[in-house]
Every structure is written in structure tokens, then in C-alpha cells.
Amino acid sequence: MFSQFFGNYLLENQKITAEQFASCIEYTKANRVKLGFIAETKGMLSSSQANELNYLQMNSDKRFGDLAVEKGYLTEAEVDYLLGLQGNPYLTFVQALQEKGLFTSDEINSSLAAFQEANHFSEEVMEAIKNADIDDMLPAFVEAPDNRYLGLIGLALRNIIRFVSSYLRIEEGSFVSSVKARYLAYQHTIGDYEGFLGFCSDDDGILAIAEGYAKESFGTVDEDALDSVGEFTNCVNGLYAAELSYQNVHLDMKPPELLFDAAIEEDNTFYSLPIFVEGRRSNLIVKLA
């Protein structure tokens, strides 16, 4: 998630090219963060200590963490902590930027500060984006008087990360009374209250959801592709209904609706949130009544 937010900022401000961005994303998919890089980033090792340990590791059959403990630079508990961060997407993307020679550590820190200022993100929101913490970052993008919107939208986004792709970015959404799109897949819920959840797009951006969820390539947005998106909406609504059942709120789901060149018009407004999965845009649409 972090790579999509920060990478898009760097791309829009011409600090990296589209090719460089794509190369960094491929790096994050194939690599884990080096312990020395994490320790240096966290201020647990100096640059000279990290370089020394890297050199020793190249000339011995020992792991970086074991060498750090032997030299007295780190404790075993600290090494365990660092090992737990090796899959951190924020650190992986930062490492990619440095290893590919695109930024120095100081340049990254400067760009991060500019990114935060440009988007008016608090420290809490920045940390949430770095850690892919949907609940803590969502209020910065979704302003709704009814907290149920945050709950359902948050559930949908977490399940995109879980079932579709972790390479997700969102922009600020808004309440609308209608939406017209080339491709629409959504599902109504009925019961103690009515509403719907779905996705729409004017281009093939919705394929990112369809292909990510089905784990197959459709090539074009056809009925099979929209059916995959419909199945995903059914998955999200099913999980939402299960959550509400513990609160004695009962919901049932109608069959998903798959539409081409169609519009949704409502007497009451519903929420439309721009989402970017693997860099491809669609809109998450949610109504709760």
C-alpha cells in the first residue's frame, strides 16, 4: 500500500519515471528487507557498523543477525524484532529506491516530508499508510456522518488487500446521488436496513479487481470478469452480514447485478470512493440506509 501512495507522489512530481516506478514495484514483489538496512533505518546500527557486518557476512558462513550479536552491536531480542520487519512494505519500497540508485537516504526523508505536507497527513495517518492500517488511515479519506460507512468501506478495502492485491491506493471520496459507468458490478442488501456495495469504472480498471480475485486473466471486461467482481462483492457483504449478526442486526443479500453502460440513480446519496488496484482505477460505491 505505501508504495502506491508514495510512488504515485514521486511519479506525479517527476522525481521518478513510470519505468523506474514499475521496476521498484517488481523489486518489492521479489525481495525482503535486509536486516542491516532495517537496523540502520531504525537507528539501531550506524552506517559503518552495518557495512562492517555486511562485509563480514560476505566472508563467512554466518547470518547477519548472528554476527551482530557476536560483535555486541545487537541483542538477540533486537535481532528477533528486526526479523519481524523484513516483510514491511514501507521499508521494502524505500530499500528499492536506494538500491536502484534513485534516492539517497536523505533524499527519501526529504521527499517523505514533502509528501506528508502536500497531502496534509498527520503523523498518525502517515504511520497508518506505512503499516497498511486501513482503520487508522480511512478517516483522512472518507468523511461520513454515519460511522457505518467507515466500517463497511474499511472491510471492503481490507479484503481487497487480502484477496485481490496489497498494491492499493485510495483518494478522497464523496457522496453522490448518481453514477454512470461503462462497467458496473454491485449487490443490494436487504433486512434491518437496505443498501448496496459494488464497483464501477469507465475503462478496464475494474479488471484489476476481477483478475486479482479470480486469479486468472480475462483480458477484456466481459460478463465473466464482472461476475468475478460480483463474487467479490458477495464475499464482502457476506462478511459484513456475519459481523452485524453478532449485534443482532440481520441482513440478506440479493444476487449481484452486472451491468454494461448503465447508471445508478438514488433518491438518497451514496458514497463513491476512487480506488487504485495495481495502479488501475475503479470506484467503490456504498449505500447504507
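## Basis

In this predicted model, local features need pLDDT of at least 70 and side-chain atom pairs count only at pLDDT 80 or more, while totals for chains, interfaces and linings use all residues. Residues are numbered from 1 along each chain as its sequence is written, and side-chain values use heavy atoms, with hydrogens and water left out.

## Helix α7

Helix α7 spans residues 89-99. Helices here are DSSP runs of H or I with at least four residues, strands are runs of E with at least two, and both are numbered from the N terminus. Of the 11 residues in α7, 8 are buried. Buried means under 20% relative accessible area, exposed over 50%, and partly exposed in between, with a 1.4 Å probe and protein chains only. The buried residues are Tyr90, Leu91, Thr92, Phe93, Val94, Gln95, Ala96 and Leu97. They pack against α1 (2-12), α2 (18-30), α3 (35-41), α8 (105-119) and α9 (123-130). Contact means heavy atoms within 4.5 Å.

Both ends of α7 have a local feature. At the start, a side-chain oxygen of asparagine 88 comes within 2.9 Å of the backbone nitrogen of tyrosine 90. Just after the helix, glycine 101 has a positive phi of about 75°.

## Strand β6 and its partners

Strand β6 (residues 280-288) is largely enclosed by the rest of the structure, because 7 of its 9 residues are buried. Strand β3 (residues 195-201) pairs with β6 in the antiparallel sense over 6 bridges. Two strands pair if DSSP finds at least two bridges between them. Glycine 198 has isoleucine 285 of β6 as its bridge partner.

Strand β5 (residues 257-277) also pairs with β6 in the antiparallel sense, over 7 bridges. Here leucine 273 stands opposite leucine 284 of β6. The two strands form a hairpin with 2 residues between them. In the turn, glutamate 278 has a positive phi of about 55°.

## Serine 201

Serine 201 lies in strand β3. It counts as buried because its relative accessibility is 5%. Its side chain reaches the backbone nitrogen of isoleucine 206 at 3.5 Å. Leaving out residues up to four places away in sequence, serine 201 touches Ala181, Arg182, Tyr183, Ile206, Arg281 and Ser282.

## Cavity and pockets

The search uses a 1 Å grid over the protein atoms alone: a cavity is a set of points where a 1.4 Å probe fits but cannot get out, a pocket is an open set with protein on both sides within 12 Å along at least five of seven lines, and lining residues have an atom within 4 Å of a point. The structure holds 1 cavity of 30 Å³ or more. The largest cavity contains about 40 Å³ of space. Its lining includes Gly195, Phe196, Lys287 and Leu288. β3, α13 (223-245) and β6 each supply at least two lining residues.

The largest pocket has a volume of about 650 Å³. Its lining has 28 residues, and Lys34, Leu35, Gly36, Phe37 and Glu40 lie nearest its centre. Helices that each supply at least two lining residues include α3, α7 and α8. The second largest pocket has a volume of about 270 Å³. Of its 16 lining residues, Phe5, Phe115, Asn119, Phe121 and Phe141 are the closest to its centre. α1 gives the largest share of this lining, 4 residues.

Conventions
A polar contact is a pair of N or O atoms within 3.5 Å; within protein, one must be able to donate a hydrogen and the other to accept it, and residues adjacent in sequence count only if both atoms are side-chain atoms. Grid points are joined across faces, edges and corners, and a volume is the space filled by probe spheres set on the points.
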